[in-house]
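Q: I'd like to learn how to read strands, sheets and chain contacts in a model like this. Can you walk me through it?

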Amino acid sequence: MRRVAEAMHEASTADLAIKATGLVKIFGKHRAVDGVDLAIRKGMVYGFLGPNGAGKTTTIRLLATLLKPDGGSAEIFGHDLHREGDEIRSRISLTGQYASIDEDLTGMENLVMIARLMGYARREAKMRAEELLRAFGLEDAAKRQVKNYSGGMRRRVDIAASIVVTPELLFLDEPTAGLDPRSRNQVWDIIRALVKAGTTVLLTTQYLDEADQLADRIAVIDQGKIIAEGTSSELKESVGSGTLNVQLLNGEDRSRAMAILEEKLSVHVQFAADSTSLTAQVNDSFMVAGALGELAKQGIAVTSFSFGRPSLDEVFLKLTGHGTAQETDHKEEAI
Amino acid sequence: MTGYIEQTEKDARELRLDESIASSSRPKPPSALSSTMTFAHRALLRIKHVPEQMFDVTVFPVIFLLMFTYLFGGAIAGSTAEYLQFLLPGILVMTVSQITMYTGIDLNNDIRKGIFDRFRTLPIWLPSALIGSLLVDVVRYSLASFIMIILGYALGFRPEGGMAGILGAIGLILIFSFSLSWIWTVCGLIVRSEKALMMISFMVLFPLTFVSNVFVDPKTLPAWLESFVDVNPISILATAVRGAMHGTVTFQQVVMVLFVSLIMTAIFAPITIYLYRNKK
């Protein structure tokens, strides 16, 4: 009986792309990564969500063998981070926050170079580069220097360079930061195609909708620690109640509306940032319907209302006690 | 209708994407030689795309040679033609030594941009990234040397060592410069900005190249300075290069250059590789 349990445990470990225990990285006095545990299954998209300076990039750099941890241990596909760097490097690929390509070279030259460094022969390297440029919609830009590319094209050629040989694990550090919606969708399509082919993806993002859209599981990171982990639904559940938003036609009605809502919902109602809206945390949709009806009865005009589970934004705010947009000044993050 | 066309275009793109991912194979990692040549090729492509970077090996030598020949020639040796015979080998050493620092600057730029991270996550023999670009630098140094010697010849430089002497002298300069480059790669890996790196290399190279026997015979110097000049690696190289060009080089002078080069490489190449591997 015990043997079965052990076998099952082994099977689940073999399913893991990344297993980390107590990872720590210290820069000077700043604990950039402060005891991170991870268990990421093969074939999933895993999202690190957090503000600037939270330790997302540092964690990725530890896992990609670019930094040595000051504490803890990790295995990538069962290979030890300390001792089996070469094994790990032949399975992973990294697209950093800043373009990890030579901007003075053309897109074609960059991809041929990477393909050659991956071990392709000259002719095969050229064919592979051409194929990728076509697939990424960059064939027209193949002969232009990357420094003349738009942000979206740069990002795409960067990701193309990462999948010259399809990696088993791809690290993407803020893959869509600063991209327009169209380019962002293209990058998302690429990520989905990779996952379909079996690649595990670990991405960092500051955008909640990106984590929501792409990631199977999300770790919310703040000040070097994982403060919450789960699917996007689980994270929203964990915060509990839904949020009611009511926008009034006239701002003068706000106090009156607040009194009515508080009475009907028996919860605390807040003024929202703009001068005509109110928000409240409620669970019961029937009570919400009743309260809205009461507003109408009292002659308070409502221009719009929404009721639903909290957005990841609200989850983040609740978990960290500060918003996602907060800029912290840990410059180590950028190194 | 347009919606339909857009949809089929999107499908076609997705299909190409899926195919390109599926058609990926994992070849055997490249040999050290192959990856070194790829990095050398990268350096050549960079020259092709950014030809301005060749100023340091084309314009620099010309300016330096003209400037110092005509500025100091009359005062130091009585005539520019005579001074040129003494100066050219030294100024060649000085010019090439000074442009070695660009190796460190290129590396520093790679680190600050993301490409350094990509190279480090590739399954390659890491030193090849450095050796590849150093090899192309050797080509650049040769170019600087030939430009200076041809210009010198036009100005009246007549080496007595002949072609063999000139080639031997250039060979010594290349070996020395390749070794000296490792110091700048170490600095390039430690220093944060390009500016700081420029400053450090000027602080080292300026005194080292001027307080040497490049411009004057050290016998005219005060004793304490003369003893420094005598052990200055730049002087050691300049002496051997001058000797080779004029056919008076001794075995001991050549060995000294090789010895200094070996020491620099033995100390700074491993440090460079260590830092490259373990950079934060």
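This is a predicted model: local features need pLDDT of at least 70, side-chain atom pairs count only at pLDDT 80 or more; totals for chains, interfaces and linings use all residues.

Q: How many bridges hold strand 9 and strand 10 of chain A together, and in which sense do they pair?

A: Strand 9 (residues 217-222) and strand 10 (residues 225-230) of chain A pair over five bridges, in the antiparallel sense. For a landmark, find V220(A): A228(A) in strand 10 of chain A stands opposite.

Q: What should I know about side chains when I look along a strand?

A: In a regular strand, side chains alternate between the two faces of the sheet.

Q: In what order do the four strands of the open sheet in chain A lie?

A: The order is 2-1-4-5, with antiparallel pairing. Strand 2 (30-41) and strand 5 (79-80) of chain A are the edges, each pairing on one side only. Further in, strand 1 (residues 16-27) and strand 4 (residues 71-76) of chain A run antiparallel and are joined by five bridges. One spot to check there is V24(A), whose bridge partner in strand 4 of chain A is G71(A).

Q: Now the chain contact: how many residues does each chain put in?

A: Chain A gives 42 residues and chain B gives 34. On the chain A side, the elements supplying at least two residues each include helix 3 (85-89), strand 6 (92-95) and helix 7 (181-196). Helix 4 of chain A has the largest share, five residues.

Q: How does the chain A side divide by residue type?

A: You'll find 23 nonpolar, nine polar and 10 charged residues on the side of chain A that touches chain B.

Terms used
Residues are numbered from 1 along each chain as its sequence is written. Chains are lettered from A and ligands numbered from 1 in the order in which they are written. Two residues are in contact if their C-beta atoms, placed from the backbone, lie within 7 Å. Ala, Val, Leu, Ile, Met, Phe, Trp, Tyr, Cys and Pro count as nonpolar, Asp, Glu, Lys and Arg as charged, and the others, Gly among them, as polar. Two strands pair if DSSP finds at least two bridges between them.
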